[in-house]
Amino acid sequence: MVGSDKVALVKLEGLLVTADSVVEELNDYAEDSSIKAIVLRIDSPGGGVVVSQEIYNAVRNARKEGKKVVASMGTVAASAAITCCCSGQDCGQSGTLTGSIGVKMEFANIEKLLEKIG
């Protein structure tokens, strides 16, 4: 690498309840031409669906800007935390507790049925 090339580190730690600072950090690194790659260090049991979607989209945006994104999983990388790293290249450790109950919810729309039966 050339002396001015840099690798950025973005940490996702603890319960994911807000994405603001992480998304801002990812967007800043995506726009910085001296940053060639981003390591997303994850040590989180997960959190909110919207939070994970916002981080996921920021990671995808960074990749569109030409940044290599690697997700490095620490002690725990579960649930919404897994979604955050899905748009990057994953690197789990043999001791990482990884799993998910899912971050996608689906609801049946029975509006027409209710209209039929009154």
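This is a predicted model: local features need pLDDT of at least 70, side-chain atom pairs count only at pLDDT 80 or more; totals for chains, interfaces and linings use all residues.

Residues are numbered from 1 along each chain as its sequence is written, and side-chain values use heavy atoms, with hydrogens and water left out.

Helix H2. I took helices (H or I, at least four residues) and strands (E, at least two) as DSSP runs, numbered from the N terminus. In H2 I found Val-51, Ser-52, Ile-55, Ala-58, Val-59 and Ala-62 buried, where buried means under 20% relative accessible area, exposed over 50% and partly exposed in between (1.4 Å probe, protein chains only). Seen down the axis, these buried residues fall within an arc of 125 degrees (taken from the directions from the helix axis to the C-beta atoms), so they line one face of H2. The face turned away from the buried side carries the exposed Val-50 and Lys-64.

Contacts of Leu-26. Setting aside neighbours within four places in sequence, I list Val-10, Ile-38, Ile-55, Ala-58 and Val-59 as in contact with Leu-26 (heavy atoms within 4.5 Å).

Salt bridge. My search of the whole structure gave one salt bridge, defined as a side-chain nitrogen of Lys or Arg within 4 Å of a carboxyl oxygen of Asp or Glu. The side chains of Lys-36 and Asp-5 form it (4.0 Å, N to O). Lys-36 lies in strand S2 and Asp-5 in the segment before S1, so the pair ties together parts that are 31 residues apart in sequence. Lys-36 is partly exposed, at 37% relative accessible area, and Asp-5 is also partly exposed, at 22%.
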